[in-house]
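Hello,

Here is the structure I promised to pass on to you. Please have a look at it first, and then read my notes below.

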Amino acid sequence: MNFFKSTFFKCTALLLCLTVIFGGILALLNDVLYVSPEERTNRAIQKVYGKSVEFTTIFDIDNENYNDDKLSDVEKELIISEEGRINKIYQIGNDLLFQSTGYKGYKGGTITVWVQISNQNDTLTIQKVLLENYEKQTLMSKLDSNYYKKFLIDVTDAYKNGLFFTTSGSGDFSNPVSGATYSANAGNNAVNCVLRYLGGIA
Amino acid sequence: MKTNFKKLAKEGLITSNPVLKLVLGTCPTLALTTMAMNGIYMGIAVTFVLVCSNVFISALRNLIPKQVRIPAFVLIIATFVTIVRLLLDFALPELYASLGLYLPLIVVNCLILARAESFASKNGVIASAADGLFMGLGFAISLTLMGAFREILGSGAIFGIKLWDFQIGFFSSSAGSFFTFALFIALFSLIFNTIEKKKKIKSFERTNAKSNNTLTAEEEK
């Protein structure tokens, strides 16, 4: 009987009650305010295009039945590499929209970007690169879409001809995030995954 | 006991301003004041959490044993921060994205825990709600003013509206945030101390005049 009057019991009971009550409230709100993956995709696409657009899903790792092991060797080679991977591919009109993750960033972190590829006069070009999220990186505000866009290149030939973004050396293709070489590395790897894919299917 | 709203408002906005006087919540202050709108958004989020957590903590103050008051307070604060996150992600995704990492960091904002410990746990529900509101407003106003200052000088814009092309990149940087913070604290202290000094002088003069009048009356007797 003394145990139920003890401070230990009162403290434990109160903390448990608060956890259960507030946990219940949050569980309920989570259900009510749930944002579906389709809605998140719509929002991401709106971020790129500035408005709602119709799109067709070509590839999406968030699909319920998706599994990396189900990919054929050819598909695996196009989608997954040591430098990064492609997570989603959508077709919007003549454009292709990729979400890709670049590895080998600062402290082994990653950067995930959206890459908009436009078909201009039968030439595929990088139109926009937008940051989606990142892990363990720095100076992400300096990741500049215009850097990738200014090199309007035929991306189908780029990767095949060894033209891809790098942080080493000098010249047009190096170091888009000044002062954060490893973070730039992960960003470049994310875009290079897309170049690699497009070069592979050309 | 009747709640003195005027006193609470004066404390929250001026005499105990959380940012410029108490120097609490410096992490979002330094990181989010690149733009005035970010200051407003953060201020609204913090005010909501402050008011709600103060109300609940005040309502439960007689039930929470003092040995576990801090974990209980943090639990309550974290719940409301999560509610804010869920609401913003659902209804205002752009705002949610612009606040980013600093939204969940409201849980460890020392302003909220400090008011819970020093005020809400010792006063009634209405007084605690008012304290949360005015402290939150003080926080929001400070962040908005600093954000406006940095945005005008750093980007040549205010609330996203371009004013001119002149920009001093320093004020958009992290170093600029520290400099701006120091400048605002110095200015606020200068203005506050000057006003307090004048009040003290007036009060001293009044006291002197009263005692002179009393002496004259006694001499006449």
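In chain A, 42% of the 202 residues count as buried, where buried means under 20% relative accessible area, exposed means over 50% and partly exposed lies in between (1.4 Å probe, protein chains only). Please keep in mind that this is a predicted model, in which local features need pLDDT of at least 70 and side-chain atom pairs count only at pLDDT 80 or more, while totals for chains, interfaces and linings use all residues. Residues are numbered from 1 along each chain as its sequence is written, chains are lettered from A and ligands numbered from 1 in the order in which they are written, and side-chain values use heavy atoms, with hydrogens and water left out.

Chain A has seven helices and five strands, where helices (H or I, at least four residues) and strands (E, at least two) are DSSP runs numbered from the N terminus. Their order from the N terminus is α-α-α-β-α-β-β-β-β-α-α-α. Of the contacts in chain A with a separation of 6 or more, 55% are between residues 24 or more positions apart; contact means heavy atoms within 4.5 Å. The accessible surface of this chain is about 11,300 Å², and 51% of that belongs to carbon and sulfur atoms (areas come from the Shrake-Rupley method with a 1.4 Å probe; for residues, only the protein chains shown count as cover).

Now to chain B. Eight helices and two strands make up its secondary structure, in the pattern α-α-α-α-α-α-α-β-β-α. Of its 221 residues, 40% count as buried. Chain B exposes about 11,900 Å², with carbon and sulfur atoms supplying 68%. Its radius of gyration is 21 Å, whereas a compact globule of 221 residues would have one near 17 Å (taken over C-alpha atoms; the globule rule is 2.2 Å times the number of residues to the power 0.38).

What about the inside? The largest nonpolar core has 43 residues, and Met42(B), Val46(B), Val49(B) and Ile106(B) touch the most other members. Such a core is a set of buried Ala, Val, Leu, Ile, Met, Phe, Trp, Tyr and Cys residues joined through side-chain atoms within 4.5 Å. Among the elements that each supply at least two residues are α2 (7-32) of chain A and α3 and α8 of chain B. The largest share, nine residues, comes from α4(B). Leaving out residues up to four places away in sequence, Met42(B) touches several residues, including Pro28(B), Tyr102(B) and Phe139(B).

Asn38(B) sits in helix α3 (residues 36-59) of chain B. Its relative accessibility is 8%, so Asn38(B) counts as buried. Beyond its neighbours within four places in sequence, Asn38(B) contacts Leu32(B), Ser98(B) and Leu99(B).

Finally, two backbone details. Most residues other than glycine have a negative phi. Val23(B), however, has a positive phi near 55°, and this residue is in the loop between α1 (5-15) and α2 of chain B. Phe159(B) is not a glycine either, and its phi is positive at about 50°; Phe159(B) belongs to the loop between β1 (157-158) and β2 of chain B. With a relative accessibility of 39%, Phe159(B) counts as partly exposed.

Enjoy exploring it!

Best wishes
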